[in-house]
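Here's a quick briefing to read alongside the model. Keep the viewer open and follow along.

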Amino acid sequence: QLREDIDRSFVKIQNILGTSSSFSKDDVFSCLCAVLAGAGSIGYFQGSCYVAGIALRAVGADAAPILLLHLLGEIMPPDYYDSGLTGINVDLAVLEQLLSLYCPAEHSFLMSSGSQCRYWALPMLLCLLADCTEFEVGAALWEAILLQGPPAGGSAVLRALLHVVRQAGAKLSSCTDPKEATDCLRNTTSSLTDTKEWRSVLCDPDEAAIQNLISDSMLPSNAQILRMRAQTRRLM
């Protein structure tokens, strides 16, 4: 299955790796095998080959499995990549709530087209946007998740998705079904190039206020996201 997925996706993986990259399909395969062997809580998931692509380009073949084990196994919620994707299902429910609070107009457009978060956001959450962003944008997201550490549990990825929905804006009003809405959001994500603005989106507003950093104060803080996760878990 893993070999087949890498073969099928290698053109997109090469785009992540960069045109001058010398990494091969075998490098991607070896990286993922090392990750799966080293973390019992992380199962194989759709899009994992794109995650490996960013890691290989960022830190090289030797360090890529170590980076992924730390990112996926220690910083993201411990059940994010379990067999039932429990942590991701929690974040999908939280994202739906956040959209209604922070992007009400866009959320209404998505609901009108039948586009619940599970349809368009699940693939993005699985690979932490690795399959639909330019390398610099995807790497900035990973950097934010790593710097904010385990206490934040990857909260930055939810702020990232809220920003994507905002950027899509009124274009979502013309989407008539989930596929059109998904294509619109993925195209919006792939067109993001302003890494300065992107970093301000990823920054925790509470922490930014303390350290006098630039952030988007109209997005939820890590603390708010963690509270919503805890409430959602109690109800699931």
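What follows is a short tour, grouped by topic.

This is a predicted model, where local features need pLDDT of at least 70, side-chain atom pairs count only at pLDDT 80 or more, and totals for chains, interfaces and linings use all residues. Residues are numbered from 1 along each chain as its sequence is written, and side-chain values use heavy atoms, with hydrogens and water left out.

**Thr 133 and its loop**

- Thr 133 sits in the loop between α8 (122–126) and α9 (135–152); helices here are DSSP runs (H or I, at least four residues), numbered from the N terminus.
- Thr 133 counts as buried because its relative accessibility is 12% (buried means under 20% relative accessible area, exposed over 50%, partly exposed in between, with a 1.4 Å probe and protein chains only).
- A polar atom of the Thr 133 side chain lies 2.9 Å from the backbone oxygen of Leu 129.
- The Thr 133 side chain also reaches the backbone nitrogen of Gly 138, at 3.5 Å.
- Setting aside neighbours within four places in sequence, Thr 133 is in contact with Gly 138 and Thr 189 (contact means heavy atoms within 4.5 Å).

**Cysteines**

- The disulfide count is zero, taking a disulfide as a pair of cysteine sulfur atoms within 2.5 Å.
- Cys 127 is in no disulfide, and its nearest cysteine sulfur belongs to Cys 132, 6.2 Å away.
- That 6.2 Å between the sulfurs of Cys 132 and Cys 127 is too far for a bond.
- Cys 127 counts as buried at 1% relative accessibility, and Cys 132 counts as buried at 6%.

**Helix α4**

- Helix α4 (residues 64–75) has 12 residues and spans 15 Å from first C-alpha to last, close to the 16 Å expected (1.5 Å times one less than the number of residues).
- Its buried residues are Ala 64, Pro 65, Leu 67, Leu 68, Leu 71, Leu 72 and Ile 75.
- The cover over those buried residues of α4 includes α2 (25–38), α3 (48–59) and α9.

**Rings and charges**

- There are two aromatic pairs (Phe, Tyr or Trp rings, the six-membered one for Trp, with centres within 6.5 Å; planes under 30 degrees apart are stacked, over 60 edge-to-face, the rest tilted).
- Tyr 80 and Tyr 81 pair edge-to-face, 5.5 Å centre to centre with 70° between the planes, and both are buried.
- Ring pairs link Phe 45, Tyr 80 and Tyr 81 into a cluster.
- Arg 3 lies over the face of Phe 29, 3.8 Å from the ring centre (the rule wants NZ of Lys or CZ of Arg within 6 Å of the centre and within 35 degrees of the ring normal).
- The charged end of Arg 57 sits over the ring of Phe 135, 4.1 Å from its centre.

Technical notes:
Helix = DSSP H or I, 4+ residues; strand = E, 2+ residues; numbered from the N terminus. Polar contact = N/O pair within 3.5 Å; in protein donor to acceptor, adjacent residues only side chain to side chain.
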